[in-house]
Amino acid sequence: MDDAARTVNGSAQVGSSAQRAEPPGKGEKLADWADGRLGVYSLAKANMRKVFPDHWSFMLGEICLYSFLILILTGVYLTLFFEPSGAEVVYHGTYQPLNGIIMTKAYESTLHISFDVRGGLLIRQIHHWAALVFVAGMLVHMMRVFFTGAFRKPREVNWLFGWLLLFLAILTGLTGYSLPDDLLSGTGVRFADGAILSIPIVGSYVSMFLFGGEFPGHDIISRFFPIHVLLLPGIMLGLVVAHLILVFYHKHTQYPGPGRDQKSVIGMPFLPVYMAKAGGFFFLVFGILAVIGGIATINPVWAFGPYRPDLVTTGAQPDWYLGFSEGLIRVMPGWEINAWGHTLELGVFIPFSLFPLFMLAIGVYPFIETWITGDKREHHILDRPRNAPVRTGLGVAWLSEYFVLLIGGGNDVVATHLHLSINSITWFVRISVFVVPVLAFVVTKRICLGLQRRDRDKVLHGRETGLIKLLPHGEYVEVHEPLGQGSLFVLTQHEQNPPYEIGPLEDANGVRRKVTVAQRVRASLARGMYGPDTHIPKPTKEEYRELSNRDH
Ligand code: HEM
Ligand code: HEM
């Protein structure tokens, strides 16, 4: 492969193979043909040897990419057999317990995929597992980007692309989950309908429009189908391509280390090393999902039965990524206001509005941070999370809120499994929603500062070796080993810039300066994020020389 890459580049420099003595091979002729029409030589020359830094956490984006491809592949297969129709039929199929039961064609075809289509159940299960892994991969990938500050200039737009992808993936999951029209998926759609109905003034109109009449109507499956298999995946495909082009264009960030700076990258060439690794990893992800899909049941729709609006399954749960929105609604007190013959359902409307706000907070974060720091420089070297304690604390607080709400969304399951009262769990979650994120923030920030302090000690006093020496006068001391230059660099390369300040309120002539509210807010946020209690000062050169007793 390496030779092939060189041949391509080599040919590009020579120009045409006709200038050489030996006749061109078939492959070269094909490449020349393609170059004449598509300009592939210059494209390959510019990009194929591009260096990619390597780190295990950079595989998270790849997991998203591969599970997305697997979703498309398996989704196409399901589309061949799935019938997106709300028309009613009487079931006479392989699955005996449901014989003679009235159901929609959508549900009947899902049973058909599961019991009669060759490989149907396997593909359905791979599709569902891939959806779970896809969104989980995105969340963890996003957290990697967040905690390392990889969203800073010039990658803010790519952060937004990714964020949109996360939002669309959640919607795609919701519409997919609703397609089989079993009791569980119908309960999920009912939940969505309840949320829509709570929107003041227009809610009932939107619901009627969406369902083609009063819930459940007959149109929802046939409407969700094109949205699920075409519209949303189509937009997502476009966004994923744009996302990857931007990763390529900006070049990937890298963790701090010797030889790496804002301009130089240390890593593997895109072709052949990175491509070979990426190809192998794709098959690994596919293989693992196929094994899980083959052995672990997921969404056994035949066990739930067809959807009927007057029934609900016990322990009805959405997929994990929607559990937190369910939690928001379950723990909210059932407040409502009745006036002039209308009801404002605050118990649903408030949590329903919090959901987009919760997502919005993630989307706008990079822009808020840039506004606070006023930093206009590009950043290609990643932060170590401990060196940005407030950001790290905010990320952990966000995650903790997410998990608390997930418990709220599964309050019935937690209650039955742990033999607890559902009311106690609901109250636990109601209090935790306010308390846990604050605690998580404070604890994380302290841990970060502790780690910074340890870094400082390591730089000044070296690494603890665990070797205890007995000195002639009877004292025991632990031998400390000085760090290598590489480690010293990693532990001290970060910046500790002073936070933004408003400056003197009066100029040299004693005239009061006009200070806007925005400037005041910015200054106090900057103090909170980068002020003295957010970092342990790095050792100065003098301290280092004095303590390590060496000349540098
Ligand atoms: C891009 C992200 C996607 C996600 C997150 C996703 C998620 C899901 C989920 C959770 C289900 C329910 C599966 C079950 O029955 O247990 C589903 C069903 C389905 N999906 Fe997707 N899907 C995605 C993309 C696609 C694509 C690209 C296609 C088609 C090209 C597709 C076609 C289908 C079909 C036909 C069904 C109904 C069949 C069935 O449930 O057995 N999906 N999807
Ligand atoms: C379909 C979903 C997604 C796919 C396929 C995807 C794919 C990738 C890949 C392959 C990379 C390079 C390798 C890596 O850093 O892991 C990457 C980088 C990046 N992604 Fe994503 N991603 C997705 C979702 C997201 C989300 C949800 C966010 C954030 C909200 C995000 C933000 C970024 C950023 C800022 C980079 C550049 C990071 C850097 O250079 O260090 N991505 N993405």
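Just after α10, residue K251 adopts a positive phi of about 75°. The model discussed here is a predicted one. Along its course α10 bends by about 40°, and the bend is placed at H228.

H228 also belongs to the buried residues of α10, together with I220, I221, F224, F225, V229, L232, P233, M236 and H243. The packing partners of these buried residues are the helices α4, α5, α7, α8 (183–197) and α9 (203–211), and the strand β3 (102–104). Several of the buried positions, among them F225, V229, L232 and M236, can be read against a general rule. An α-helix has 3.6 residues a turn, so residues three or four places apart point the same way.

## The shell around ligand 1

Ligand 1 is surrounded by 27 residues, of which G75, A131, G176, P233 and N299 are the closest. Two or more residues of this shell come from each of α4 (59–81), α5 (105–115), α6 (120–147), α7 (156–178) and α10 (220–250). The greatest contribution is that of α4, which supplies seven residues. By class, the shell around ligand 1 comprises 16 nonpolar residues, ten polar residues and one charged residue.

## The shell around ligand 2

Around ligand 2 there are 25 residues, and the closest are G61, C64, A150, G162 and T253. The elements that each provide two or more residues here are α4, α6, α7 and α10. The shell around ligand 2 divides into 16 nonpolar, seven polar and two charged residues.

## Helix α11

Helix α11 covers residues 270–295, and its 26 residues should span 38 Å at 1.5 Å a residue; the end C-alpha atoms are 36 Å apart, which agrees. V285, L289 and G293 are buried in α11. The buried residues of this helix pack against α4 and α6. Both α4 and α6 also give two or more residues to the shell around ligand 1, and to the shell around ligand 2.

## Annotated regions

An unreviewed UniProt entry places the feature "domain: Cytochrome b/b6 N-terminal region profile" at residues 30–256. In the model, that span is 69% helix and 4% strand, with its end C-alpha atoms 43 Å apart.

For "transmembrane region", the unreviewed UniProt entry lists residues 58–82, 128–147, 159–179, 191–212, 224–249, 270–298, 348–368 and 427–448. Over residues 58–82 the chain is 92% helix and 0% strand, and 36 Å separate the end C-alpha atoms. Residues 224–249 are 100% helix and 0% strand, and their end C-alpha atoms lie 36 Å apart.

## The chain as a whole

The secondary structure of the protein chain consists of 20 helices and eight strands. Taken along the principal axes, the C-alpha atoms fill a box of roughly 90 × 80 × 65 Å. The chain has 552 residues, of which 31% count as buried. Among contacts between residues at least 6 apart in sequence, 72% join residues at least 24 apart.

Note on methods: Residues numbered from 1 in each chain as written. Chains lettered and ligands numbered in written order. Predicted model: local features only at pLDDT ≥ 70, side-chain atom pairs only at ≥ 80, totals over all residues. Near = placed C-beta within 6 Å. Nonpolar A, V, L, I, M, F, W, Y, C, P; charged D, E, K, R; others polar. Bend = angle between axes of the 7 residues up to and from the residue. Buried ≥ 20, exposed ≤ 12 C-beta atoms within 10 Å, placed from the backbone. Contact = placed C-beta atoms within 7 Å. UniProt positions renumbered as here; feature names shortened; annotations may be inferred. Expected span 1.5 Å × (residues − 1).
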